[in-house]
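Here's a quick briefing to read alongside the structure. Take a look at it, then work through the points below.

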Amino acid sequence: MGAPGRHTAELTKVKCYHCGDPCAEEHRTHDGQDFCCQGCVVVYDLLHEAGLTDYYALGERPGTKQRSSVDEQRPELFALQEVRSRFVEFSEGGVTRARFNVPQMHCSSCIWLLENLHRIDPAVVRSRVSFADKELSITFHEDKLTLPDLVRLLRRIGYGPRTTNPGKTRGGVPRLLYIRLGVAGFIFGNTMLFSFPEYLGADGEAGLKTGLQWLSVLFSIPVVFFLSTDFFRGAWAGIRNRRVNIDQPIALGIVALWTRSLHDVLTGTGPGYFDSLAGLLFFLLIGRWYQAHTYRALRFDRALDDFLPIIVLRKSGTEETPVKVTDLKPGERIIVRDQELVPVDAILRAGTGHIDNSFITGEPLPVRKNEGDTIKAGGRQRGAAIELEVLRNFADSRLKQLWAEQESAHERPVMPRMIDAVARRFTMAVLLIALGAGLFWWSRDPAQVWPVVTAVLIVACPCALALSMPFAYGHTIRLMGKRGLFLRDSEVVERMARVDMVVFDKTGTLTTREAHELTWHGTPLNIEEYDRVRALARNSTHPLSVVLATTPHPGRRQEGNIPAWSATDVQEQAGQGIRGTVGGRTVRIGAAAFCMAEETPRESGEAHVHVAIDGRPRGYFSIRKRARSGIVEAVLRLRERMPLALLTGDSQVDPGLSDAFGAGSIRTGCSPMDKQRGIHEAQGRGRCVLMVGDGLNDAGALAQADVGITVTETSAALTPASDAIMDGPAIAGLPHFLRMARRARRIVIASLCISLGYNIIGVSLAVAGHMTPLIAAILMPLSSISVVSFVTAATAIGARELR
Amino acid sequence: MSVIILLLLVSTSVAGLFLLGFIHAVRRGQFDDDRSPAVRILHEDDPRQTKTP
């Protein structure tokens with residue numbers, strides 16, 4: 001090492017050959033390629049052996065990182081009959097077919113690899129991917145490969161399946177919608193054909209005309225009784241809840257169209273508007289299809305089962321047996337291994353606990369627990385296996401309660417959608433106009449009342465209105481998804497557009513989970529000395545030692561994870577430091593006093609680790625959690641527009657962030673209740689609050705906020721009560737996202753104006769009594785098509801500007 | 001004019017057959033996944049496939 005240097009985990013800009021992540025702490029080279037961790041190397045080797053390296057040729061760094069996710073249950077679980085039955089579709093003569101939900105698949109390489117499983121293990125007969133549902137269906141010889149082994153195989157290559165049921169409901173567009181769309185297109189086209197003679201005003205034979213009209217009548221029956229049922233149902237639901245929604249004017253329009261047309265044909269006064277009716281449904285269904293197409297593949301609702309170990313090892317005497325969590329009784333002993341979640345409240349009986357509570361609190365640094373300490377459910381052990389005594393039943397544990405709370409907190413009052421507010425006024429206006437026109441014609445020519453009133457209702461049918469929202473918000477959701485923000489539904493876009501205050505929870509959201517910033521102060525250490533320090537640090541599970549042990553010397557480019565040195569004679573003094581002999585030299589790391597050094601003044605949010613070699617103090621590392629890149633700029637940009645707040649459970653905030661936020665907007669030491677209350681107060685002042693948080697304990701605050709966004713590092717993370725999930729690095733783009741949402745809202749408003757323009761033209765024609773079937777047939781598709789093209793173009797242009 | 005009626009009937013029934021075909025395809029699940037079939041067809045069949053059961 002040269003001069004005292006500042007170095008961070010992202011020293012090398014090398015990307016992992018397998019997963020594409022930047023190679024940082026555990027950077028290693030293997031087979032001439034760079035990898036970010038041992039997990040990726042293992043997968044690479046596995047694929048290499050099976051001759052599956054095409055995987056890397058198909059996509060750019062396609063792999064999924066091997067993460068010890070909370071999802072990963074013990075594979076033994078899959079041997080349990082009740083779990084097994086969730087996945088196995090059939091099993092006969094040793095051949096079994098199982099269906100798994102594999103959320104990790106994301107690209108064509110994934111598809112290729114998952115469909116070539118038989119080349120990794122010959123016991124697999126066939127594997128098939130359904131990308132839209134993120135499902136994998138595998139047929140295999142169960143006598144050669146058990147279900148738990150199959151799960152292990154999938155995990156080894158980084159596609160561990162979810163333990164919950166793949167589900168009976170499909171994620172994609174419902175089949176019925178496709179069928180309806182097909183029928184609608186068929187009827188629309190043919191009815192238009194039947195109406196052609198009318199359009200052209202051809203004086204054909206009367207018999208032919210009547211025949212065509214009756215064919216149209218015949219074709220219109222499925223339109224009303226099969227294609228329109230969803231709209232009728234929606235309208236009826238609105239009536240029952242005493243609410244006006246967009247479905248009601250649509251249903252009214254459909255009924256008016258059909259009865260008027262039937263009346264015309266029956267009385268022989270005209271050909272009816274059957275072509276417009278079919279066209280209307282065709283366009284409406286396209287809107288529905290687009291909506292379903294955009295929102296799929298996002299599953300927000302996850303059961304507790306997804307996160308908790310369902311099976312734990314119970315220890316009785318020397319025997320360890322897997323049991324279900326729900327069967328645990330107080331007083332029993334259980335074993336929790338490295339990276340496993342503590343499922344119930346328990347007392348530590350043997351071993352040292354390093355409990356990571358990030359699942360609950362979002363705080364990533366583990367807390368040390370000694371024998372006799374209580375460990376709450378939901379903490380994750382990091383380190384050697386520990387033995388615990390069960391304190392409470394699973395049903396009474398804090399985790400279960402938190403979960404129940406967040407489930408109930410989730411039912412937030414439905415915010416009135418803009419489209420429904422518009423629909424309410426719109427429906428009122430249409431009914432008034434129809435009534436007015438009816439009265440007017442009553443006094444002049446009673447015979448015209450029926451045709452005029454129905455014509456008004458027909459032409460006012462807000463098809464374009466109903467199309468503008470799914471398209472504008474659907475596009476926006478898709479664009480946001482590409483940048484790492486995944487919204488629950490289109491309503492969230494609308495709420496985001498109104499946000500005028502942003503609240504951050506600091507832990508985990510603004511700082512990266514695992515990356516730390518290390519700065520050395522003092523006499524420079526050379527690479528050799530540095531590695532000795534790291535070798536010693538590896539012997540401790542203290543969070544700071546872990547950071548030290550996993551951060552390589554900046555002068556080193558390529559190395560294995562394990563320093564060549566190993567420490568002997570290691571002694572750890574709790575709360576003080578650790579000392580040992582490394583390659584003949586005594587090394588001490590820890591507090592200033594432990595290393596015979598002077599106490600150094602510390603800034604807030606910073607920790608100092610002193611180092612002494614051969615009894616001589618050499619200096620200290622200053623370690624701080626690193627704020628995500630770009631976050632300070634994002635905060636400053638947001639501040640220009642709206643007030644911000646940082647509600648953190650920590651006692652201190654590091655200076656870079658506190659400068660960005662400004663002193664007045666930071667509150668430290670907040671409990672989950674404080675956060676929730678803080679947001680409630682802001683809302684009381686008329687603010688529309690967006691909360692960015694993580695962890696189960698933010699659930700209350702996230703649910704309280706008008707928009708709650710959960711920040712996650714892995715796809716397996718918990719998403720409590722949130723409206724949206726955000727990839728960690730995407731948080732710097734928050735100002736962008738808010739702008740996109742506001743723009744989407746403006747586009748919807750503009751498209752509403754366009755469709756209202758059409759309606760005004762149509763209604764005036766109808767009131768005047770000039771509404772012929774031909775005009776309706778032109779006006780209605782025209783308005784729908786122009787609104788959809790306007791919305792699509794405007795969103796695309798907007799997206800380009802934001803780039 | 002009866003020719004037109006005949007043609008109409010023939011053409012709608014042909015269109016109806018296509019509609020039935022479409023409905024059948026949807027029910028068989030051909031529209032369930034619009035991504036993987038497109039990708040699958042591009043994957044090379046590997047001649048080294050020796051491990052297949």
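A patch, as used here, is built from residues with over 30% relative accessible area and no salt bridge, where like charges are joined within 9 Å and nonpolar side chains (Val, Leu, Ile, Met, Phe, Trp, Tyr) within 5 Å. Accessible areas come from the Shrake-Rupley method with a 1.4 Å probe, and for residues only the protein chains shown count as cover. With that in hand, Leu6(B), Val10(B), Val14(B) and Phe18(B) make a nonpolar surface patch of about 420 Å².

A word on the ground rules: this is a predicted model, so local features need pLDDT of at least 70, side-chain atom pairs count only at pLDDT 80 or more, and totals for chains, interfaces and linings use all residues. Residues are numbered from 1 along each chain as its sequence is written, chains are lettered from A and ligands numbered from 1 in the order in which they are written, and side-chain values use heavy atoms, with hydrogens and water left out.

**A patch residue in chain B**

- Val14(B) sits in helix 1 (residues 2-27) of chain B; helices (H or I, at least four residues) and strands (E, at least two) are DSSP runs, numbered from the N terminus.
- Val14(B) counts as partly exposed because its relative accessibility is 41%; buried means under 20% relative accessible area, exposed over 50%, and partly exposed in between (1.4 Å probe, protein chains only).

**Chain A as a whole**

- Chain A has 24 helices and 29 strands.
- Of the 803 residues in chain A, 55% are buried.
- The accessible surface of chain A comes to about 33300 Å², and 55% of that belongs to carbon and sulfur atoms.
- If you take the contacts (heavy atoms within 4.5 Å) in chain A between residues at least 6 apart in sequence, 67% join residues at least 24 apart.

**Salt bridges**

- Glu332(A) pairs up with Arg314(A) in one salt bridge, with the closest N and O atoms 3.2 Å apart. Glu332(A) lies in the loop between strand 9 (319-324) and strand 10 (333-336) of chain A and Arg314(A) in strand 8 (residues 311-316), so the pair ties together parts that are 18 residues apart in sequence.
- Is Glu332(A) buried or exposed? Glu332(A) is buried, at 19% relative accessible area, while Arg314(A) is partly exposed at 23%.
- Arg687(A) and Asp500(A) also meet through their side chains in a salt bridge (3.9 Å, N to O). This pair links distant parts of the chain, 187 residues apart: Arg687(A) is in the loop between helix 21 (672-684) and strand 27 (689-693) of chain A, and Asp500(A) in the loop between helix 16 (490-498) and strand 18 (501-504).
- Arg687(A) is partly exposed at 32%, and Asp500(A) is partly exposed at 25%.

**Two buried serines**

- Ser261(A) belongs to helix 9 (residues 247-267) of chain A and is buried, at 0% relative accessibility.
- Leaving aside neighbours within four places in sequence, Ser261(A) is in contact with Gly272(A), Tyr273(A) and Phe274(A).
- Ser722(A) is in the loop between strand 28 (707-712) and strand 29 (724-727) of chain A, and Ser722(A) counts as buried because its relative accessibility is 0%.
- Ser722(A) and Gly693(A) are 29 residues apart along the chain, and their C-alpha atoms are separated by 9.1 Å.

Key: A salt bridge is a side-chain nitrogen of Lys or Arg within 4 Å of a carboxyl oxygen of Asp or Glu.
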